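This report describes selected local features of one model. Please look at the sequence and the structure before reading on.

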Amino acid sequence: MPERFTITTPIYYPNDRLHIGHAYTTVAADAIARFHRLRGDDVFFVTGTDEHGQKIEDRAGKVGKTPIAYVDEIVSDIRDLWQVLGISHDDFIRTTESRHEQVVQEVFRRLEAKGDLYLSQYEGWYCTPCESFWVEGKLVDGNCPTCGGPVARLNEESYFFRLSRYAEPLLQHIESHPDFIQPVSRRNEMIQFIRQGLEDLSVSRTSFRWGIPLPQDPRHIAYVWVDALTNYITACGYLQDPERFNRYWPADVHLVGKEIVRFHAVIWPALLLSLDLPLPKVVYGHGWLLLGEQKMSKSRGNVIDPRQLVRRYGRDAVRYYLLREVPFGSDGSYTEDALILRTNVDLANDLGNLLSRTTAMIERFTRGTIPAPSGSSLRGLADETVRRVLERLEKLQVSDAVAAIFELVKRANKFIEEEAPWQLHRSGDGRLGDVLYDLAESLRVTAVLLSPFLLDAPNAIYRQLGLGSAEGATLADAAWGGLPVGTKVERGEPIFPRIETEREDSAAVAEADKGPASPPATEKAAPAAAADETGMITIDEFQRLDLRVGTIVAASRVKGADRLLELTVDLGESDLRTIVSGIAEHYRPEELPGTQIVLVANLQPAKIRGIVSHGMILAGKTSETLQIVSPREALPAGTRIK
Ligand code: ME8
């Protein structure tokens with residue numbers, strides 16, 4: 001019997017086009033949903049739009065449209081965006097649908113029947129962008145404590161929900177269900193918040209019309225958060241399809257941004273308690289994508305369009321970046337450079353290169369067919385990887401789960417260097433078959449494990465391994481040994497061509513984190529230039545390296561990094577480069593100006609501790625010392641080394 005698994009995203013306001021912050025939540029929920037499907041669970045994944053409220057009414061008015069005409073347009077754009085990103089939701093709920101209006105009205109009837117709804121006078125402050133009520137004491141410098149924006153004085157008749165009644169039961173629930181609010185920092189915040197006492201909540205408005213009228217008093221419109229939160233039970237079939245509702249409610253995970261945890265972990269469960277309905281199992285508040293120091297947001301206008309990124313880099317690269325870059329739960333800054341670096345290093349270099357090297361070697365050494373192995377060196381790690389991915393996703397550690405898969409990819413690449421299959425081939429060593437099978441099978445297992453996260457690459461890997469499509473794979477397919485001996489590989493194009501940036505000619509990357517003497521990782525990413533199976537490169541390949549003499553003109557320590565110096569290097573012809581280099585344990589900044597160095601000048605830029613580094617200086621390293629490579633006699637800055 002498959003387990004059922006219900007996961008939701010927030011329903012987004014269709015007041016503007018969505019940005020990569022919204023894509024972040026939705027792609028993460030999609031990956032989790034797909035993973036549960038891979039496990040064989042019966043998944044219900046719902047997203048949608050939160051269409052009522054003053055904000056939408058005002059916006060529509062400004063552009064001379066009716067609210068529904070206004071939202072219809074944006075909603076169809078949102079649906080299209082989810083298609084572009086390959087989102088696999090099972091339902092898309094709009095709060096303007098009649099199935100939802102009926103549920104919201106019935107909810108108000110039931111709250112009243114329970115004695116939890118009463119009419120009174122509301123006096124306080126309202127923040128329209130956040131759709132939040134505040135009492136005087138909660139304002140910060142007279143502004144909204146959430147967004148810092150202005151609030152409007154409200155003094156009107158309103159229905160109230162007896163939220164105060166539920167403070168104790170809520171605290172009890174949170175305490176007896178340690179996983180209910182995650183991560184734990186948000187749980188602690190909520191406990192604090194509830195302990196300060198909960199005031200009854202104003203749940204109706206008379207100052208605008210765009211919303212659901214209360215059945216008991218149609219002059220009043222349902223407060224937009226009550227309307228919005230209720231979407232989760234509407235989508236599961238509450239009151240309308242009892243069988244479905246029993247199956248899919250309570251939700252296993254409400255995935256939301258951290259700014260709306262309070263609504264999901266306090267107001268929503270209190271409403272559910274009043275309705276005598278079971279509470280969701282987990283409310284997970286993830287961190288924000290920032291642009292610079294600030295939250296990316298529609299109201300600030302500092303947003304990045306996900307479609308544009310997909311057009312430029314492809315949906316897998318965008319999904320991968322969103323899922324991998326930021327530890328799930330924390331805030332993280334978005335930069336396009338980081339997206340490019342992730343794609344080039346992890347996807348092009350590590351994964352793409354593993355596939356092209358493996359299929360090339362199978363073609364050359366075993367006539368294109370998967371050889372029969374007699375033992376395995378990678379099986380242990382592959383099995384362990386499956387366990388790690390399961391365990392991490394169970395805890396919603398999305399980026400850690402993806403990282404675990406790439407550990408296997410990295411290990412397989414290293415295995416090629418260690419085993420040098422071209423030598424095994426030359427010497428007729430019988431282990432060649434084991435090594436090639438290990439590599440191909442690791443790739444196949446990787447494709448299965450990646451299939452919830454990336455959508456095109458797993459199929460491409462399957463195809464190139466001669467296995468058709470990865471669609472329909474299940475977790476059982478991640479078990480070692482599924483690759484039939486004798487399968488004919490079908491070597492193809494690189495699955496992730498390296499992204500060339502405009503600054504490619506003159507820019508370079510310093511891999512300072514790995515130490516200055518590490519090889520230029522990006523070279524491996526260009527399959528045309530990769531070392532062949534003998535490990536040798538051609539003179540043309542060597543000449544692709546742009547090695548130049550530069551003169552250090554300034555050096556300083558990088559804050560918070562013991563090993564790093566920030567160097568300014570003169571490369572002649574007014575080319576002054578910033579380089580971050582891992583030499584701080586061997587050179588003091590003050591002794592460096594005037595020193596000549598050799599720079600790899602055409603590596604991709606890399607952001608290291610927030611500084612974009614445009615090159616890597618060469619150095620020799622032993623366990624005792626590190627020596628920068630310098631010309632014996634001074635050369636003009638910019639001189640090419642051949
Ligand atoms: O709040 N970083 O809708 P909304 C990460 N309608 N995630 C971000 C983000 C960022 N910079 N910006 C937005 C609403 N998000 C309500 C929800 S639910 C019953 C009602 C994501 O359109 C994140 O999930 O303002 C955040 O919670 C959500 O979009 C807010 O979307």
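In which strand does Thr-8 lie? Thr-8 is part of strand S1 (residues 4-12). The model is a predicted one, in which local features need pLDDT of at least 70, side-chain atom pairs count only at pLDDT 80 or more, and totals for chains, interfaces and linings use all residues. Residues are numbered from 1 along each chain as its sequence is written, and side-chain values use heavy atoms, with hydrogens and water left out. Helices (H or I, at least four residues) and strands (E, at least two) are DSSP runs, numbered from the N terminus.

**Two buried polar residues**

Thr-8 counts as buried because its relative accessibility is 1%. Buried means under 20% relative accessible area, exposed means over 50%, and partly exposed lies in between (1.4 Å probe, protein chains only). The side chains of Thr-8 and His-254 are joined by a polar contact of 2.7 Å. A polar contact is a pair of N or O atoms within 3.5 Å; within protein, one must be able to donate a hydrogen and the other to accept it, and residues adjacent in sequence count only if both atoms are side-chain atoms. Neighbours within four places in sequence aside, Thr-8 is in contact with Val-46, Tyr-232, Val-253, His-254 and Leu-255. Contact here means heavy atoms within 4.5 Å.

Asp-41 lies in the loop between H1 and S2. Asp-41 is buried, with a relative accessible area of 11%. Its side chain makes a polar contact of 2.7 Å with that of His-36. With neighbours within four places in sequence left aside, the contacts of Asp-41 are Pro-2, Glu-3, Phe-5 and His-36.

**Strands and sheets**

Strand S2 (residues 42-49) pairs with S3 in the parallel sense over 4 bridges; two strands pair if DSSP finds at least two bridges between them. Thr-47 stands opposite Phe-92 in S3. In a regular strand the side chains alternate between the two faces of the sheet. In strand S3 (residues 91-94), Asp-91 and Ile-93 point one way, Phe-92 and Arg-94 point the other way, and all are buried.

An open sheet of 4 strands has the order S5-S4-S6-S8, with antiparallel pairing. Strand S5 (132-134) and strand S8 (201-202) are at the edges with a single partner strand each, so one side of each has no neighbour in the sheet. Strand S6 (residues 152-161) pairs with S8 over 2 bridges in the antiparallel sense, and Leu-201 in S8 is the bridge partner of Phe-161.

**Two helices with buried faces**

Helix H5 (residues 167-176) has Ala-167, Leu-170, Leu-171, His-173 and Ile-174 buried. These residues are on the same side of H5 because they cover an arc of only 160° around the axis. The arc is that of the directions from the helix axis to the C-beta atoms. The cover over the buried residues of H5 includes strand S7 (181-182), helix H6 (184-195) and helix H10 (261-274).

In H14, the buried residues are Ala-382, Thr-385, Val-386, Val-389 and Leu-393. Viewed down the axis of H14, they fall within an arc of 100°, so they line one face of the helix. They pack against helix H1 (20-38), helix H15 (398-419) and helix H17 (432-450).

**Around the ligand**

Which residues come nearest to the ligand? Of the 25 residues around it, Ile-11, Thr-25, Asp-50, Glu-259 and Leu-289 do; a residue is near a molecule if one of its heavy atoms lies within 4 Å of it.

| Residue and atom | Ligand atom | Distance |
|---|---|---|
| Thr-25, polar side-chain atom | oxygen | 2.7 Å |
| Gly-257, polar backbone atom | oxygen | 3.0 Å |
| Leu-289, backbone N or O atom | nitrogen | 2.8 Å |

**Backbone exceptions**

Most residues other than glycine have a negative phi, and most peptide bonds are trans. Gln-182 and Pro-183 are joined by a cis peptide bond with omega about -15°, and Pro-183 lies in the loop between S7 and H6.
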